Amino acid sequence: MGSSASKNTEDEEDGSNGGGGQLYVSLKMENSKVEGELTPHVYGSVPLVGSWDPSNALPMLRESASMSELSFVVPPDHETLDFKFLLKPKYRDTPCIVEEGENRILTGGSLQGDARVALFKLEGDVIVEFRVFINADRVSPFDLAASWRAYRENLQPSTVRGIPDVSINPDPTPVENCPSESLELDLEHYEVPAPAPSAQSSLVYAADNAENPRSLSASGSFVNDDTPKAASKSPRVSAVSEDGSPSEKDMEIIVPDHSDTYSPSGAGESKSAGVLSPIQQKDGQRGLFVDRGVGSPRLVKSVSASSFLADLKLDAQTKNSMPAAAGAVAAAAVADQMLGPKEDRHLAIVLVGLPARGKTFTAAKLTRYLRWLGHDTKHFNVGKYRRLKHGVNQCADFFRADNQEGVEARTEVAALAMEDMIAWMEDGGQVGVFDATNSTRVRRNMLMQMAEGKCKIIFLETLCNDERIIERNIRLKIQQSPDYEEETDFEAGVKDFRDRLANYERVYEPVEEGSYIKMIDMVSGNGGQIQVNNISGYLPGRIVFFLVNTHLTPRPILLTRHGESMDNVRGRTGGDSVISESGKIYAKKLANFVEKRLKNEKAASIWTSTLQRTILTAGPIVGFPKVQWRALDEINSGVCDGMTYEEIKKNMPEEYESRLKDKLRYRYPRGESYLDVIQRLEPVIIELERQRAPVVVISHQAVLRALYAYFADRPLKEIPQIEMPLHTIIEIQMGVSGVQEKRYKLMD
């Protein structure tokens, strides 16, 4: 076995090393055969490495199963270190074993004389060898001071120790503020414009944000469309490329014959509650199994293990359909893609329900949630296709079941939207949300035929029996829907929509086929029920859980960063420092704002992270329950915690560059990425959706970026760049009309 001794010979004379830098000395011993009952130590000259008394020898720390290390800092002109290695029995009261040979001499970080292995003579004249490594690096005294300061700060007792995770102040007490710490003006005075793009600050009809038809030209009309408004069953429209220009090859939309009830080819009968999938009848592979939902493993008997393993290889299309996610979402997607059938790699959520039942609202909210989790999801609204294809001035008679031209026109645009969704999935899309009434079995059979072998369909039916909610939705529809933008008489519009609704009610057939989710009187958030049939798998399960917790109750959600912290002042990442004087002023201003904004909201609550700076910021707020969430803690910067970005750039240049290249996926060493943060924030999002009262969230920059991206429906790649300034409140208003945003800047 060999040995080595090394020394950093670079003698940079820059500003960082001026004034005499220090030497960081590392002593290491390695042996993979010695059992753990003998622990390496160092002893030698006073005072640096103990003394020549073996009982005062310094233990070497276990770095790995075979490597032990002792490190220390000395000046470059340090006194000569005279030392030896020794082995101490861990469990026996027996003498120490000192290494054979002369003392080792260390001067200026270099080992004098020939480098040699450390030899130890054990009982029975057994000789054990250890490889020895000695390394010395020059360290700036300023870096040492920074490390020592961070070490001392980490030893400081928490200023919020003793504050319970959940605290309730039933009786609010007044807070005395000086003029600079109170809000003397109306809240509107502090309102500032939200940066674009952002959550909507005004009402926007949700269907307008759905996908445009692929065959739509840049001018907003269907290209090369010679068909009348009441189109035939096999319309032809030209496909367009991504830049909006028509392609040379026409796309033919064939509306299948759906007069008979849909039944997949090759399906058998079963008394099971599941729906039977086609029987596999390939060479060497037979099986009959029940399809229990997207992503559920459907393994069949195979004559060879190799043929099964070959099926697990991810092809290019599979890789394209993987979500941009970490943690549970990524793990579930990998399992589903590898073990599920090809058509189950794509999921179609097909809405079903009468008009004014909240289908489009539910579709838009579900699309936003799935996108935020990392799934490539798009919302296809058939009503938007109809308006672009046949105009907006369609009266109630257009929607009668005995109006053959109207039926054919509506069937045409539904088939076109479905074809567009399937084509998008074939290009790598993962989840399509198909938004239409789909109120008859004939229509749903048509969709199932078109999707066969291409994607898995789950029907999502919304049922509402509350006449008050239906009436509200009807009036909101007249206010927002492009169908009535040219109607000057509001009540005439309401009457026409009621007639349209009656036409649908005459032919409506509830869903009883396939995989489905029924939401019954769920929109109010007060009771209701949800029914599921033939649903399993990770993603469908998450969808059901999300839908169970959503409702339309209007309420504000206030997002704000903590008051300025001492680490903000120093430009350091992470940490758990207290707030600065400016931060204390903001905390009092925030309390004053909350008191004014939520004075009539007795059920509101305050959520913070478990870090001092958010708890201290929430301190002056009284009269509301406060809940600490570990999930709201700042992104974990790992080994970079407490460093400035300049220090990271200087000491860890490769990490610095990696972070710049992809901030979304970059994970700090021993820390987190933004995708990791999103995964731990999912319970927070679900609870925010479930809450019916206002919530004030006091958290941190990276966490609030991720939360805000959910409400504003911002792409994942934009999250690390979202503006989230200090001492600013973002008010998210959630309700039946969607999500609107206001911003208040209380101080610079």
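Student: How is Arg572 classed, as buried or exposed?

Tutor: The general idea is a cut-off: a residue counts as buried when its relative accessible area is under 20%. In this predicted model, Arg572 has 17% relative accessibility and therefore counts as buried.

Student: With which residue does Arg572 form a salt bridge?

Tutor: One looks for a side-chain nitrogen of Lys or Arg within 4 Å of a carboxyl oxygen of Asp or Glu. Here the partner of Arg572 is Glu647, and the closest N and O atoms are 2.9 Å apart. Arg572 belongs to the loop between α12 (566-570) and α13 (581-597), whereas Glu647 belongs to helix α15 (residues 645-651), so the bridge ties together parts that are 75 residues apart in sequence.

Student: How many salt bridges does this rule give?

Tutor: The count is 35. One of the pairs is Glu471 with Arg498, where the closest N and O atoms lie 2.6 Å apart. This pair links distant parts of the chain, since Glu471 is in helix α9 (residues 467-480) and Arg498 in helix α10 (residues 490-507), 27 residues apart. Glu471 is partly exposed at 23% relative accessibility, and Arg498 is partly exposed at 37%.

Student: What is the class of each partner in the salt bridge of Glu718 and Arg714?

Tutor: The side chains of Glu718 and Arg714 meet at 2.7 Å, N to O. Glu718, with a relative accessible area of 25%, is partly exposed, while Arg714, at 15%, counts as buried.

Student: Which residues are linked in a network of salt bridges?

Tutor: Such a network is formed by Arg386, Arg387, Asp483 and Arg500.

Student: In what sense does β14 pair with β33?

Tutor: β14 and β33 (residues 738-745) pair in the antiparallel sense, over 2 bridges. Within this pairing, Glu191 stands opposite Tyr744 in β33.

Student: At what angle do helix α11 and α17 pack?

Tutor: A helix pair is described by the angle and separation of its axes, and then by its contact residues. For α11 (residues 538-548) and α17, the angle is about 35° and the axes are 11 Å apart. Tyr538, Arg542, Phe545 and Phe546 of α11 make the contact with Glu682, Ile686 and Glu689 of α17. By class, this contact has 4 nonpolar, no polar and 3 charged residues.

Student: How do the axes of helix α5 and helix α18 cross?

Tutor: The axes of α5 (residues 359-373) and α18 (residues 701-712) come within 8 Å and cross at roughly 150°. The crossing is right-handed. Lys365, Arg368, Tyr369 and Trp372 in α5 meet Ala706, Ala709, Tyr710 and Phe711 in α18. This contact comprises 6 nonpolar, no polar and 2 charged residues.

Notes:
Residues numbered from 1 in each chain as written. Predicted model: local features only at pLDDT ≥ 70, side-chain atom pairs only at ≥ 80, totals over all residues. Heavy atoms only, no water. Pairing = 2+ DSSP bridges. Helix = DSSP H or I, 4+ residues; strand = E, 2+ residues; numbered from the N terminus. Axes fitted to C-alpha atoms, helices over the stretch in contact; angles between N-to-C directions. Left-handed = near helix turned anticlockwise from the far one by under 90°. Contact = heavy atoms within 4.5 Å. Nonpolar A, V, L, I, M, F, W, Y, C, P; charged D, E, K, R; others polar. Buried < 20%, exposed > 50% of the residue type's maximum accessible area, 1.4 Å probe, protein only.
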